[in-house]
Amino acid sequence: MSHTKDRKILVAVDGGDESSYALSWCINNVVDQNFKDTLILLYVKPPRVLYTSLVGTGYLFSNDIVASVEKYGNDVAQVVMEKSKRICKDLKNVKVEMQMEHGDPRDVICQTAEKLNVDMVVMGSHGYGLFKRAFLGSVSNHCSQNVKCPVLIVKRAKSNGGN
């Protein structure tokens, strides 16, 4: 794929196999190492739902529990970023930036893409069926409808012998 300017490509990473596959696919098929592309790896820490679901039940959380939950979230984020960095280790002439944000991934990915004025967003697909996607809401579907730049959704081929 040839292009005339340095591109900024935002890749949403979450530590799952789908996002790792999407990152690898992006490196092999989109990133051009002859140009100075910038790969921005975005990890979104989900909002704290644990606290709000128990409001009004009489449960109080000690500072130790809150700190433990926060530390666990930070540890997970660190592991995801390290795994993503390892996937990018052989890139030459490509700047790799790591970014971590908090909030609903649907909103954060859209806002970050706009704020950073990226040329493309790349994300993996979990391959949810129609009902699960309708119930849970698809991050990739939301982003494809709301991000102003092209969104590439990388879907792994099914391993059951079919396409």
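A: Axes here are lines fitted to C-alpha atoms, for helices over the stretch in contact, with angles running from 0 to 180 degrees between N-to-C directions. The model is predicted: local features need pLDDT of at least 70 and side-chain atom pairs pLDDT 80 or more, while totals for chains, interfaces and linings use all residues. Residues are numbered from 1 along each chain as its sequence is written, and side-chain values use heavy atoms, with hydrogens and water left out.

The axes of α1 and α3 come within 10 Å and cross at roughly 30° (helices are DSSP runs of H or I, at least four residues, and strands are runs of E, at least two, numbered from the N terminus). α1 therefore counts as roughly parallel to α3 (angles under 35 degrees; over 145 is roughly antiparallel, 65 to 115 roughly perpendicular, the rest oblique). The α1/α3 crossing is right-handed (the near helix is turned clockwise from the far one by less than a right angle). From α1, Asp17, Ser20, Leu23, Ser24 and Ile27 meet Lys83, Ser84 and Ile87 of α3 (contact means heavy atoms within 4.5 Å).

Helix α3, residues 63-87, also lies across β2 and β3, at about 155° to β2. These strands belong to an open, parallel sheet of five, ordered β3-β2-β1-β4-β5 (strands pair if DSSP finds at least two bridges between them). β3 (95-102) and β5 (151-154) are its edge strands, each pairing on one side only. The twist averages 20° from one strand to the next. β2 (residues 38-45) pairs with β3 in the parallel sense over eight bridges, and Lys45 stands opposite His102 of β3.

The largest nonpolar core has 21 residues, of which Ile9, Val11, Val13, Leu23, Cys26, Leu39 and Val122 touch the most other members (a core is a set of buried Ala, Val, Leu, Ile, Met, Phe, Trp, Tyr and Cys joined through side-chain atoms within 4.5 Å). β1 (8-12), α1 (17-29), β2, α3 and β4 (120-124) each supply at least two of its residues. α1 gives the largest share, four residues.

Val94 sits in the loop between α3 and β3. Val94 counts as buried because its relative accessibility is 12% (buried is under 20%, exposed over 50%, partly exposed in between, with a 1.4 Å probe and protein chains only). Neighbours within four places in sequence aside, Val94 is in contact with Val31, Gln33, Asp37 and Leu39.
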